[in-house]
Amino acid sequence: MPAPRKYPPELIDRGVQMVAAIRHGDPGRPGVIRQVGELLDIHPEVLRHWVKKADAENEKARTVGPEALNLRHLERENAELR
């Protein structure tokens, strides 16, 4: 059985949103993750992991455009025709 989560999902979302907002407003600012972590009482490495995961998910969502959806549709149609 996995260990219980120390941080609730709402806190995870809030921390990631705060880091993203600060980075958007001041892209060159150092120590953003540490500052947000201290503010929300989250260990900075845990917050860094969440931010990296959210960045990867956002990048993946951007690459899945209309071409990829069209390709999936055509592949599905091909499989049905076979």
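I looked up the lining of the largest pocket in this predicted model and found Arg5, Pro9, Ile12, Asp13, Val16, His49, Trp50, Lys53, Ala54 and Glu57. On a 1 Å grid over the protein atoms alone, a pocket is an open set of points where a 1.4 Å probe fits, with protein on both sides within 12 Å along at least five of seven lines, and lining residues have an atom within 4 Å of a point.

I sorted the lining into five nonpolar, one polar and four charged residues. Ala, Val, Leu, Ile, Met, Phe, Trp, Tyr, Cys and Pro count as nonpolar, Asp, Glu, Lys and Arg as charged, and the others, Gly among them, as polar.

Which helix gives the most to the lining? I found that α3 does, with five residues; helices here are DSSP runs (H or I, at least four residues), numbered from the N terminus.

Next I turned to a helix pair. I saw Leu11, Arg14, Gly15, Met18, Val19, Ile22 and Arg23 in α1 meet Val32, Ile33, Val36, Leu39 and Leu40 in α2, where contact means heavy atoms within 4.5 Å. I noted nine nonpolar, one polar and two charged residues in this contact.

My notes on conventions: residues are numbered from 1 along each chain as its sequence is written, and side-chain values use heavy atoms, leaving out hydrogens and water. Local features need pLDDT of at least 70, side-chain atom pairs count only at pLDDT 80 or more, and totals for chains, interfaces and linings use all residues.

Conventions
Helices (H or I, at least four residues) and strands (E, at least two) are DSSP runs, numbered from the N terminus.
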